[in-house]
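Subject: Structure for your review

Dear colleague,

Please find the structure below, handed over for your use. My notes on what was found in it follow.

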Amino acid sequence: MSLNVDIQSKLGAFELDVQLRTKAGTTVVFGRSGSGKTSLINAIAGLTTPDQGRIAFRHTVLFDAQSGIHVPSHQRRIGYVFQNARLFPHLSVSQNLDFGARFAKEPLSVAERRQMIDTLGIEALLNRRIAALSGGEQQRVALGRALLSVPRLLLMDEPLAALDTARKQEILPYFERLHAQGGPPMIYVTHDMSEIVRLADNILVLRDGRSVVGGTVEDVLADPANVKLIGVQDAGALVQGIISGHEADGLSTIDLSAGQLHVPKIGAPVGAKVRMRIRAQDVILSVSEPKDLSSQNILRARITEIQTGEGPSVAIALRTGSDRLLARITRRALAQMQLEVGQEVWAVLKANAVPPSAIARSENNGVVA
Amino acid sequence: MLSAAELAIVALSLQIALLATVVCLPFAIATAWLLARKKFYGKPLLNIVVHLPLVLPPVVTGYALLILFGKQGPIGGMLETFLGITFAFRWTGAALAAGIMGFPLMVRAIRLGIEAVDKGLEDAAATLGASRSAVFLHVTLPLVTPALLAGTVLGFAKAMGEFGATITFVASIPGQTETLPSAIYTLLQVPGGEDAALRLILLSVAVSILALAVSEVLARRAARKVAGL
């Protein structure tokens, strides 16, 4: 797919000015509440009309302010999973699921429909009324309803935000599976990092109605210049690895391109490829090889960039093998250690710094439970 | 039990009220939808015109109908000439009067219902491929069912009980325009007619209570359904 968005809108005091360009896979739109994420996808869905600009998907112009084109929502074939599900209360679960199918030009076959219902784990709910569903069940039905309308693109507006952590962990695998089984490309709005690690191929960061940074999720998260934008608590690079063992003491070993990590046990088999986020604030740097530390995770790394901002801390980009790391240390430590670009250091992180929620299988033939 | 004359009066009243309600309902839905959802020039004026029968003395409304829809009236004359429809002093005229008087009540109830429908559900339907008319038919209208029922019952009750505008417009001709209220009124004008009047009064109370009970049951069922239960 290729989605091209360049729109400007004025909604009272709020100004939206966003550029988005994606090709395939899942693009996460990330930003604080009020940054314009929902306004952006509402415009893509055709639920709102921007003042200026253009939206094109594949070879179709969906919106063009200059030539006055505005394809109505129902002709765009863009699915939308809303934050609060928005299931039709007067219909049963299966009537909700089939709502879009009657308008689809090429609805799914009976077998495909059954497969979808099976994947989402909602076969037991089919005859229920909507009020009898939990939040997580509602969201799964909403996802199925959107998919059964056979969309060319799927928009998701913080579909898990209204759910507690346990429910989120219960539903995320369905999204991952969908992603893996070649579902439609997705634009996924969230401000939750764990969803980004598990779902994102690309990321677009919005701030105050403007698109600030975009690119592959690996590049954007590994860039020290983006630490403040992502949020100092959340910032951290993604690293790739392969599970090489599950130990008796409850830790799993992951082989990286240069070194090993020991993390709390992961529910995926040995040999599985994983992607995990290592938060910048959990990485400690040492100029000499650390000994006698309680941490077992010590990686040899080279400094590639030092980003000093206005605050008391600095962001440091590191390379270890083919992986990138981010570390956040104080300005004072930087001065005392006399760190510079190109220098070899040791990066230390605690085992608990990489909780299971920050790890996802990157070859999506299965799911981390 | 009931005499043939009494039965005829009840049947005529029901016939008039039913016709008035059924014909008015689509117009009431359209008007309610316009007032609830659309912004347009002249909306306050439409709102006032719709509500006029509610606030004007019924006699005034009846007289206005006579002027407009009488045989010599601008609308009534045209309808008679081109379509052969006569309102003046006919049961259709009684239905027109009853419908006009009940119209604002129907519009008010349905409008409140439409305003209460979550627009987010309509947006969701649109993203699923439903055109605007399909959204209205499959989402908005079903969700408005309780209000629709309430409006219909109110309109029907008003039509059954309409007196002032009806008697001004179409008088009270037995077998032609004599409805329950006008029959009761006529009987009360005659010395010794109280007993006969009382029978009709009890009858009209019974019809009203029955209509209310039926609508209550239907409304409850619809409300449960719309709430997703």
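Buried area here is the accessible area, taken with a 1.4 Å probe, that two parts lose on being put together, summed over both. The model is a predicted one, in which local features need pLDDT of at least 70 and side-chain atom pairs count only at pLDDT 80 or more, while totals for chains, interfaces and linings use all residues. Residues are numbered from 1 along each chain as its sequence is written, chains are lettered from A and ligands numbered from 1 in the order in which they are written, and side-chain values use heavy atoms, with hydrogens and water left out.

The interface of chains B and A

Between chain B and chain A about 1,900 Å² is buried, and carbon and sulfur atoms give 69% of this area. On the side of chain B, the residues that lose the most area to chain A are B:Thr127, B:Leu128 and B:His138, which together make up 33% of what that side buries. In contact terms (heavy atoms within 4.5 Å), 21 residues of chain B meet 23 residues of chain A.

The count of salt bridges between the two chains is zero, where a salt bridge is a side-chain nitrogen of Lys or Arg within 4 Å of a carboxyl oxygen of Asp or Glu. Four residue pairs across this interface are in polar contact, both residues being at pLDDT 80 or more. A polar contact is a pair of N or O atoms within 3.5 Å; within protein, one must be able to donate a hydrogen and the other to accept it, and residues adjacent in sequence count only if both atoms are side-chain atoms.

Helix H6 (119-127), H7 and helix H10 (194-226) of chain B each supply at least two residues of the side that touches chain A. H6(B) gives the most, with seven residues. Helices (H or I, at least four residues) and strands (E, at least two) are DSSP runs, numbered from the N terminus.

Chain B itself

Chain B has ten helices and zero strands. Its C-alpha atoms fill a box of roughly 65 × 45 × 30 Å, taken along the principal axes.

Over all chains, the structure holds six aromatic pairs. One of them is the edge-to-face pair of B:Trp33 and B:Phe136, at 6.3 Å centre to centre with 75° between the planes. B:Trp33 lies in helix H1 (residues 4-37) of chain B and B:Phe136 in helix H7 (residues 132-161) of chain B, so the pair ties together parts that are 103 residues apart in sequence. Rings of Phe, Tyr and Trp (its six-membered ring) pair if their centres lie within 6.5 Å; planes under 30 degrees apart count as stacked, over 60 as edge-to-face and the rest as tilted.

The two domains of chain A

Chain A is divided into domain 1 (3-230) and domain 2 (236-361), with bounds that come from an automatic or database domain assignment. The centres of these two domains, taken over C-alpha atoms, are separated by 32 Å. The area buried between domain 1 and domain 2 of chain A is about 1,500 Å², of which carbon and sulfur atoms give 59%. In domain 1, A:Val197, A:Glu218 and A:Pro224 lose the most area to domain 2, together 39% of what that side buries.

Two salt bridges are counted between the domains. The side chains of A:Glu218 and A:Arg275 meet in a salt bridge of 3.0 Å, N to O.

With kind regards
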